[in-house]
Amino acid sequence: MKLRLFLFLVPAFFSCKENLRHAEIKVSGNCEMCKQRIEKAAKKLKGVKSATWSMNTHLIKVIYTSEITSIERLHQAIADVGYDTDKIKSTDAKYKALPRCCQYKRAE
């Protein structure tokens with residue numbers, strides 16, 4: 001019985017692993033509060049396994065399941081909380097709603 005259960009679960013485990021993707025997205029931001037908001041926005045998406053943003057590089061490194069979410073959704077989720085990515089610019093209203101210390105210099 002245990003062997004059959006193991007043989008059933010092993011293919012399911014490996015099929016999920018195959019769909020994991022790694023991505024790096026350039027995200028504007030300034031401080032620790034930015035880091036918390038950016039990471040939280042990414043992690044809210046179903047299928048995101050991890051998300052870590054660096055204040056030094058302005059890159060968020062994300063691991064996600066490609067069958068559940070997409071790189072485009074990640075960009076949009078981050079822009080929706082006020083931060084520009086290298087593909088999507090946040091709206092002016094969302095940017096201006098950020099705390100003063102989080103309002104980074106925007107590209108024209």
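The structure is a predicted model, and its mean pLDDT is 88, with 83% of the residues reaching 70 or more.

**Overall fold**

The chain contains 4 helices and 3 strands, and from the N terminus on these elements follow one another as α-β-α-β-β-α-α. Of the 108 residues in the chain, 34% are buried, while the chain exposes about 7400 Å², of which carbon and sulfur atoms supply 58%.

The 3 strands form an open sheet in the order E1-E3-E2, and their pairing is antiparallel. Strand E1 and strand E2 stand at the edges, each with a single partner strand, so one side of each is left without a neighbour in the sheet. On average, neighbouring strands of this sheet are turned by 15° against each other, direction ignored. E2 and E3 are paired in the antiparallel sense over 5 bridges, and in this region Ala51 stands opposite Val62 in E3. Helix H2 packs on the sheet, where the helix touches E2 and E3, and the direction of H2 makes about 160° with that of E2.

The residue ranges of several elements are listed here.

| Element | Residues |
|---|---|
| Strand E1 | residues 20-26 |
| Helix H2 | residues 32-43 |
| Strand E2 | residues 48-53 |
| Strand E3 | residues 59-65 |
| Helix H3 | residues 71-80 |
| Helix H4 | residues 92-96 |

**The nonpolar core**

The largest nonpolar core has 22 residues, and those that touch the most other members are Val27, Ile38, Ile60, Leu74 and Tyr83. At least two residues of this core come from each of E1, H2, E2, E3 and helix H3, and H2 is also the helix that packs on the sheet.

**Toward the end of the chain**

Ala107 lies in the segment after helix H4. This residue has a relative accessible area of 62%, and since a residue counts as exposed over 50%, Ala107 is exposed. Although Ala107 and Lys89 are 18 residues apart in sequence, their C-alpha atoms are 9.3 Å apart in space.

Key. Residues are numbered from 1 along each chain as its sequence is written. This is a predicted model: local features need pLDDT of at least 70, side-chain atom pairs count only at pLDDT 80 or more; totals for chains, interfaces and linings use all residues. Side-chain values use heavy atoms; hydrogens and water are left out. Two strands pair if DSSP finds at least two bridges between them. Axes are lines fitted to C-alpha atoms, for helices over the stretch in contact, and angles run from 0 to 180 degrees between N-to-C directions. Contact means heavy atoms within 4.5 Å. Buried means under 20% relative accessible area, exposed over 50%, partly exposed in between (1.4 Å probe, protein chains only). Accessible areas come from the Shrake-Rupley method with a 1.4 Å probe; for residues, only the protein chains shown count as cover. A nonpolar core is a set of buried Ala, Val, Leu, Ile, Met, Phe, Trp, Tyr and Cys residues joined through side-chain atoms within 4.5 Å. pLDDT is the predictor's confidence in each residue, from 0 to 100.
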